[in-house]
Amino acid sequence: MPHTNPSSATVSPAASSTRDLPAPGGLCAIHQPNFLPRLTTLAKLFAADYWIVLDDVQFTRRDYQHRARLAALDDPARHQWLTIPTHLPNGRPTLIRDALIDDPNLARRRTAGMLRQHYAASPHWPALAQALDPVLDTFTTGRTATVAEMSTRVLLNLLGWQGRILTSSSSLPARPGRSVRLADLAAAAGARTYLCGTGGLTYLDPAPFAAENISVAPFRPPTTGIWSSGRRLSALWALATLGPQDIAAGFQALTVHETRLRAAA
């Protein structure tokens, strides 16, 4: 299927016509915008043909929408939370897309300082710092979701991903209900396969997907080596330790392996 560069702008409500959607077919992942996402999350999105950004569900403070674990270069067991201070204008029901940054200038400076503190000693820091500049720039929008989404975009771009990014709030029709909503979003985007992480498999009802003739494919990344901390730490630690080229090669090999497993099944 055709791909677009992930650094392109998110589809807006005005641009969400049928012709702007991906060609029917392909593999989609649906995931909330995560700030400097974990290695496993980034790998799942990398394996998909397109990512639907789930930005019109309730913001959750205990999740990764506004925070990331940064690990010390020499010891991934030593880690520290980097959090975007976030205000919810509508209280707990506030949607992810409506969450606001408390003091964006201060949050930007603190983010930049902590990233340098943790990773400036890496030989890969110049490439990472250049890639992360647009993330720091988006703090001026004052919106947590914009910063989180951009942080994922630039890391995917750094790894050479050629997929497409859509947004759930941009006129993709979907009914309420957790599994029904995901199935509707995948169908609206023309997907034939929905890539589901191991966490999602615990609650996902496959019936709405079957009704749309969409298969559900589990994404099970390795659990050893650099992946042993992949469900907890921001992917920045792996990128700073091994470098974007090695991580991209690992992601590509994992994607090929997963594709073969699905074909065999």
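How many helices and strands does the protein chain have? I began with this count and found 9 helices and 9 strands in the protein chain. I note at the outset that the model is predicted.

**Entry 1: the chain as a whole**

I looked up burial next. The protein chain has 265 residues, and 51% of them count as buried. I then turned to contacts between residues at least 6 apart in sequence; 70% of these join residues at least 24 apart.

**Entry 2: the nonpolar cores**

I asked which residues have the most contacts inside the largest nonpolar core. They are Phe35, Leu36, Leu115, Leu132, Leu159, Leu236 and Phe251, in a core of 53 residues. Helix α1 gives the most to this core, with 6 residues. Apart from this core lies another, of 24 residues, and I recorded Tyr50, Leu185, Ala189 and Ile214 among them. As general background, nonpolar side chains in soluble globular proteins tend to be buried together.

**Entry 3: helices α1 and α4**

Helix α1 covers residues 39-47, and helix α4 covers residues 144-158. Their axes come within 11 Å and cross at roughly 65 degrees. I recorded the crossing as right-handed. On the α1 side the contact is made by Leu42, Leu45 and Phe46, and on the α4 side by Thr152, Leu155 and Leu156. Sorted by class, this contact has 5 nonpolar residues, 1 polar residue and no charged residues.

I then examined Thr152, which lies in α4. Is Thr152 buried or exposed? Thr152 counts as buried, because its relative accessibility is 1%, and the cut-off for burial is under 20%. Leaving out residues up to four places away in sequence, Thr152 touches Asn34, Pro37, Leu42, Leu45 and Trp51.

**Entry 4: helices α2 and α3**

I took helix α2 (residues 104-119) together with helix α3 (residues 125-137). Their axes are 11 Å apart, and the packing angle is about 165 degrees. The two helices are therefore roughly antiparallel to each other, since the angle is over 145 degrees. Their crossing is right-handed.

From α2, the residues in this contact are Arg108, Thr111, Ala112, Leu115, Arg116 and Tyr119; from α3, they are Trp125, Leu132, Leu136 and Asp137. By class, I listed 6 nonpolar, 1 polar and 3 charged residues. Leu115 and Leu132, which meet across this pair, are also among the residues with the most contacts inside the largest nonpolar core.

I also looked up Asp133, which lies in α3. Asp133 has a relative accessible area of 41% and is therefore partly exposed. Asp133 and Val154 are 21 residues apart in sequence, and their C-alpha atoms are 9.2 Å apart in space.

**Entry 5: helix α5**

Which residues of helix α5 are buried? Within residues 178-188, I found Ser179, Arg181, Leu182, Ala183, Asp184, Leu185 and Ala186. Leu185 is also a member of the core of 24 residues. What covers the buried residues of α5 includes β1 (27-31), β2 (50-53), β8 (193-197) and α7 (207-211). After α5 comes Gly190, and I noted its positive phi, near 85 degrees.

Methods
Residues are numbered from 1 along each chain as its sequence is written. This is a predicted model: local features need pLDDT of at least 70, side-chain atom pairs count only at pLDDT 80 or more; totals for chains, interfaces and linings use all residues. Side-chain values use heavy atoms; hydrogens and water are left out. Helices (H or I, at least four residues) and strands (E, at least two) are DSSP runs, numbered from the N terminus. Buried means under 20% relative accessible area, exposed over 50%, partly exposed in between (1.4 Å probe, protein chains only). Contact means heavy atoms within 4.5 Å. Axes are lines fitted to C-alpha atoms, for helices over the stretch in contact, and angles run from 0 to 180 degrees between N-to-C directions. A crossing is left-handed if the near helix is turned anticlockwise from the far one by less than a right angle, and right-handed if clockwise. Ala, Val, Leu, Ile, Met, Phe, Trp, Tyr, Cys and Pro count as nonpolar, Asp, Glu, Lys and Arg as charged, and the others, Gly among them, as polar. Angles under 35 degrees count as roughly parallel, over 145 as roughly antiparallel, 65 to 115 as roughly perpendicular and the rest as oblique. A nonpolar core is a set of buried Ala, Val, Leu, Ile, Met, Phe, Trp, Tyr and Cys residues joined through side-chain atoms within 4.5 Å.
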